[in-house]
Structures are given as C-alpha cells and as structure tokens.
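Hi everyone, thanks for making time.

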Amino acid sequence: MLSRSLQHLRLARLAISELGLKQIVLAALYRIGVKSGYYRIVTPVKISTKQTDDVCCALRIDLVPLPNCEELRAIIQAEILYKEAEEIRNGQVRLFGGNLVPLTLTGDCNVAHWSKIGDENQDIKPVWEAGRFGWAIVLARAYHLSRNEDYAQCFWEYTQAFLEANPPNRGVHWSSAQEVALRLIALAFSAQVFAQSHLSTPQRMSLLSQSIAEHAARITPTLVYARAQNNNHLISEAAGLYTAAAALPDHPQAKHWKRLGWKWLNYAWQNQITLDGEYIQHSTNYHRLMLSLALWVNLLQQRAFPNEPLLPPTLERLKAATYWLWMLLDPESGQTPNLGPNDGANILPLSNCAHSDYRPVIAAASKAFLGEELLGPGLWEEMSDWLGLKRNGISIQAARRSDREPEKSPHIIEMSQSWAYLRAARFTARPGHADQLHLDLWWRGINIAQDAGTYLYTAATPWNNSLTHTAVHNTVMIDNEEQMQRVGRFLYLDWAQAEFMGYECDEARTWQKITVRQDGYRRLGITHQRSVLVSAQNEWHIKDMVIGPTDEKTHVVRVQWLMPDWQYKTESNPSGSAITMHILSPHGWVTLQVQWIDRPVSAPTHVLQWGLARAGKLIEGTGEVNPTWGWTSPTYGYKIPALSLFVNIEARLPINTMSTWQFP
C-alpha cells in the first residue's frame, strides 16, 4: 500500500513538472464546473431548434470568394467530386477517408445535457466525425460547380434533421466544444455557397444564423478546458468564435467572440508551434488540422477584419510550421509519415485529392504565409482557390529539404530516389507516442519502413490506443520496457528526450550521416544512440548503439521494422548473428538485413532471436507476438496487415546492431 502511494506521489510530481501546474489547475477547474452543475446552468438545454432566442441576426454570406467555375473545372476532376456528392445524397459517407459507411445524423441521440455524458469506453469519434459536417463542404463544392439543386436540397434536409435531433447543449454532439466549433465553421462555409440557391429561404438562413450563435454560446464557457489541453482544442474553439464573429457581425456578442477568439488564436500559434515549426501534438495529422484552421482564419481576417492582420510573431510561427510539414512531404505520393496521433481529421475537404494527400494544405499555406509556392500546379490547387489564394509565380520548388540546418527538426536525409525521417524530439509538451529515434523510409513514393499510425483511441484491449507503444515503432526497445511511462490512454510521463549529436555531408552539402541519441532508458543507466548513413549504392545503413553499465548483467535489445504486406523471403546466416529479408515491391526486390555487429568473441551464438509478425500472429521465426504487431493504420478506424520484423539480442552491454536497406 505504501509503495503504491509513493508511486502515485512520484507520478503527481512528474505531472506537475512536465505538464505544468497551470494546465493541471485549469483541468481541475473544468472538472469542478462539470461536477457542480455550473455548466448546466450557463449552457441551458433547448427543447428544439424552434425554441430560439429573441436575437437573430443576418448571416454574412460574402466571406468566401467563390472560385470561377471554368477555372475550377480546368484543375479538378469534376466527376470525382460529383460521385462523392451523390454518395452523400444516398446517405453514405467516407469517414476519415475510409470506406463508405451510413451517414448517421439523427439516430440514438442522447437527450441528456452534454455535461452528463461521460466516457463509457465507447469510441465516439465516428459519431463526432459525421457531426463535423465535412460532408456539407463536399456538397457545397459540388453545388457551386454544377448548380444542381439536389445538392442544396440534400444539405438543407440533412442540416435541419441534425439540428432538430440534436438541439443546443443536448447529447454527444454538444459534449465537446471542439466538435461544436468545427461544425460551426463547416456551417458558416456552407452558408456562403448555398446562399446562391433559391432553396435557401429566409427561414432556413435564419435557422442557420441562430444555430451558429448557439454554437458560439456553447464554446465560451468551457474555454478553460481547451486552455488546459493546450492543443488543437484551443485553436479549433478560438477559430470557431472568430468565425461566429465574422459571420454574425451584428450579433450583440460578436465583438466579444472576436476578441476572445483572436486572443487565444495568437496565443496558441505562438506557444504551440516551436521555433523549428513542429506542432505541439507531435503529429502530422494534427499539424495539418492546425494549418487548415490557420488558413481559414487568415481568409476571415482579410474579408471581415482587414485592419487587424496576423501578428508578426504569429506569422513567423506559421511560416515555420508550413516549412516543417513540407519537409515531411513525399513529393511523389503527396503523403507524409504517419507520425504521432492520427484521428483522421481533414476539416476543410476542399480538393479531390486523397484523404492522405497533404499537398492541398501545403500549397495553400505556402501562398498564405510564405508568399511563395512550394509546389507546382495540380489537383491540390482547388483548396487555394476556395481560400482566395491565387498563384503568384514566385516559386521555390528548387529548394531541397537537405538544405535546412541538420540540427533542426525535422531531421531529413535525401537520396536520389529515397529519403528518410529520423524522429528525434525535445519534448516541451506531452508526447502522444513513445517513438524516439523511429525511422521512416520512403522510396519512389512508397513508405517502405513505416509508422503504424493510430487505429482507435477507445476500444477494448488490446486496441485501446495501443499503437502508441515503442514496440510498434521502427526503433530500439530495451528489456521489453517503454521509452516513457504510460499512465493513461493519452498520457505519457517521464519523457524520453533526444539529442542531436552531429552530421556529415559531401561537398554538395548533401547529408550522408546523421547521429542522435535518446535517454528514455536512463532509469536503467542505458543510452540508445542511432546513426543513419547513406551510400552511393542506394543503400541505407542504420547503426544502433545501446550503451550502459559494462557489468555481468544481460539486457534484451529489440530492433523492429514495419513494412508493407508484400511477398517476402527470409534467410539467416550460419553464425546466427544476422537475418536478411527480401520483400517484393512494385519496383523490384527490396532487401533488409539486421545484424549484430562488434559482437564479443565470447558471446554465445544463440542469443539472437528473430521473428516475423503479420496481423498479430507469428508467421516465421520464434518468439511471442503481441496482437497489435504487424498492423498499420492508414487513417482512423482502419487497420491493414503489415510485416513486422523484430530481432532480439540478449547479451551484456554494449550491444551494437546494423540494419541495412538496399533498393534495386
């Protein structure tokens, strides 16, 4: 009992030290507001959407510069857009960019006040995703291009049904102020387009105006929770308030919404984006969400509040954030490493590009915040057109990612047909994944060595946000322990910190070697150091050094690589010190060899053990396999089989391994 109390005390001290006392106090204030019933008073329930306030202001409908239809048709594939719009009309939607599922907006709605809805260990995200109204933005784009009134009719029928079934402050669709804010933004955008339709009667537009006001009223009382989270919640909710102020300029609360939204937007951008440009949630998907909101707010600022431009410190952080995401862009596929938490968000679906294609937001952000174009013309330009960002011809496409200072995040190494991202973070905010020194490797537009992603946040064991673990990342795990201590579904403490050690490059300043280390095993007195070396033969060499006490104690070092689910063959050398794997890619055989190097002569030969896992099962080699191994999740709620090669070495320290990738 005493040891458990001491452990709780240690975790409490860690939480205060790493999360900060301010964040903990803000979270406590929010919980007090929920438990005391305060939020039930300040956000009262409404019987239905017909129960409206006396104040109902006109909705501004000139906030979005509607693109020229002929110019749009020249850059997009309209048939793809119409196909998706027809799917929505037929009651189906591709949540998180996945397979078609029924669009559920009214069924099984909880009639309780939002503050009484607790966490029942059920995944609420699919319900919330439908309630974000991303499908409405797709319908709006299709309507603008086709003038097909069926799309307008569909929007109004679905919207009215949703609002009637989910009146203000009742049910799961009102339980998260962030979800409320994102829906508010989608409603405001849709109103700009559907205002052109004769089906958008004064009564319907008044309903929309009233609903936007109700959404904004839900956000303001619980901003303390968003401040406690200090992540995308704060930016989303502040952007929602700023949107309400722009869309309802004559509302009595408009000035308050605008002041509050602008204050916390600038605070968040300046405090949640590092000087190097990485977003606080250590996630490419949340980074895209943040930039999407920044682009939307940038448009509103120019259209509604032209005398209050982005503050210089804010603009500097958004510039850095744009470069950071571009650095991680695979130029052939338009994808990025599946880094960190991935909830599948794509809150402004303003192009026909695949859900996993990051080029729309990067192209738009480079125009908005850099005044230059990082990408050439393509399908992704539609987003820029909707946000009033025209091509200016000032291109920096010739810039190489390897021209960036190597000690800055993200750490990228390039070759002619392949490139790699080496994960090495100095955490100042809570990490989402225990992924220090993970390596992502890309070749000819294919993610060869990949991050497993997220799959689900809430589910029965083993899928309770379990792809955060060290074991599923392309890094080293020691003695079967995590790099950091997981104390909750979304919380790691005792953070592992990485340190940049140095680099080497050729005469053309092309990086040839980069070395980093991390201290996630300092409690064991052990340091993990990784060097990535490239050669002219299109080879990648990843050397892992596990350094610690040189005593008689043995340790188990596990090296893991996650690859696509392709045809394969394996072979091990006679000495038992190496395993070689060949996988058949669309462009030929790719070879991976993992070997134990610098092995002491006295070391026994049976200590190297390897296994190959697929879909949670061992398919070759030996060893126990966790059900979460051998999977990858391209987007939220979806998982597909992958090949996970793991090599375990049990010996005294130091233990050094070399992983070599060879491409044809």
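Housekeeping, quickly. This is a predicted model, so local features need pLDDT of at least 70 and side-chain atom pairs count only at pLDDT 80 or more, while totals for chains, interfaces and linings use all residues. Residues are numbered from 1 along each chain as its sequence is written, and side-chain values use heavy atoms, with hydrogens and water left out.

Okay, charges. How many salt bridges does the structure hold? The count is 26, where a salt bridge means a side-chain nitrogen of Lys or Arg within 4 Å of a carboxyl oxygen of Asp or Glu.

Take Glu 382 and Arg 141, whose side chains meet in a salt bridge at 2.9 Å, N to O. Glu 382 sits in helix H17 (residues 381–386) and Arg 141 in helix H7 (residues 134–146), so this pair ties together parts that are 241 residues apart in sequence. Helices here are DSSP runs of H or I with at least four residues, strands are runs of E with at least two, and both are numbered from the N terminus. Are these two partners buried or exposed? Glu 382 is buried at 0% relative accessibility, and Arg 141 is buried at 1%. For the cut-offs, buried is under 20% relative accessible area, exposed is over 50%, and partly exposed is in between, with a 1.4 Å probe and protein chains only.

Now look at Asp 62 and Arg 60, which form a salt bridge at 2.5 Å, N to O. Asp 62 is partly exposed with a relative accessible area of 38%, and Arg 60 is partly exposed too, at 25%.

Next up, Arg 522 and Asp 519 have a salt bridge at 3.2 Å, N to O. Arg 522 counts as partly exposed at 38% relative accessibility, and so does Asp 519, at 25%. There's also a network: Lys 125, Glu 129, Arg 132, Glu 179 and Asp 343 are joined by salt bridges that share partners.

On to the rings. Phe, Tyr and Trp rings (the six-membered one for Trp) pair if their centres lie within 6.5 Å; planes under 30 degrees apart are stacked, over 60 edge-to-face, and the rest tilted. That rule gives 26 aromatic pairs. In one of them, Tyr 242 and Phe 305, the ring centres are 5.1 Å apart and the planes are at 55 degrees, so the pair is tilted. Tyr 242 belongs to helix H12 (residues 232–247) and Phe 305 to the loop between helix H14 (284–304) and helix H15 (312–327), so parts 63 residues apart in sequence are tied together. Tyr 242 is buried at 0% relative accessibility, and Phe 305 is buried at 17%.

Then there's Tyr 455 with Trp 463: their centres are 5.1 Å apart but the planes are at 85 degrees, so that pair is edge-to-face. Tyr 455 is buried at 13%, as is Trp 463 at 14%.

If you want a cluster to zoom in on, Tyr 30, Tyr 38, Tyr 39, Trp 114 and Tyr 225 form one. What sits over the ring of Trp 114? That's the charged end of Arg 218, 3.7 Å from the ring centre. The rule is NZ of Lys or CZ of Arg within 6 Å of the ring centre and within 35 degrees of the ring normal. Lys 125 from the network also lies over the face of Tyr 636, at 5.5 Å from the ring centre.

Two polar contacts now, meaning N or O pairs within 3.5 Å; within protein, one must be able to donate a hydrogen and the other to accept it, and residues adjacent in sequence count only if both atoms are side-chain atoms. Ser 409, in the loop between H17 and strand E3 (411–414), is buried at 10%. Its side chain contacts the side chain of Trp 324 at 3.0 Å. Thr 458, in the loop between strand E6 (446–449) and strand E7 (476–478), is also buried at 10%, and the side chain of Thr 458 contacts that of Arg 489 at 2.9 Å.Last, the patch: Ile 16, Leu 21, Val 25, Leu 29 and Ile 32 make a nonpolar surface patch of about 450 Å². Patch residues have over 30% relative accessible area and no salt bridge, with nonpolar side chains (Val, Leu, Ile, Met, Phe, Trp, Tyr) joined within 5 Å and like charges within 9 Å. Helix H2 (residues 21–36) gives the most, four residues.

Technical notes: Accessible areas come from the Shrake-Rupley method with a 1.4 Å probe; for residues, only the protein chains shown count as cover.
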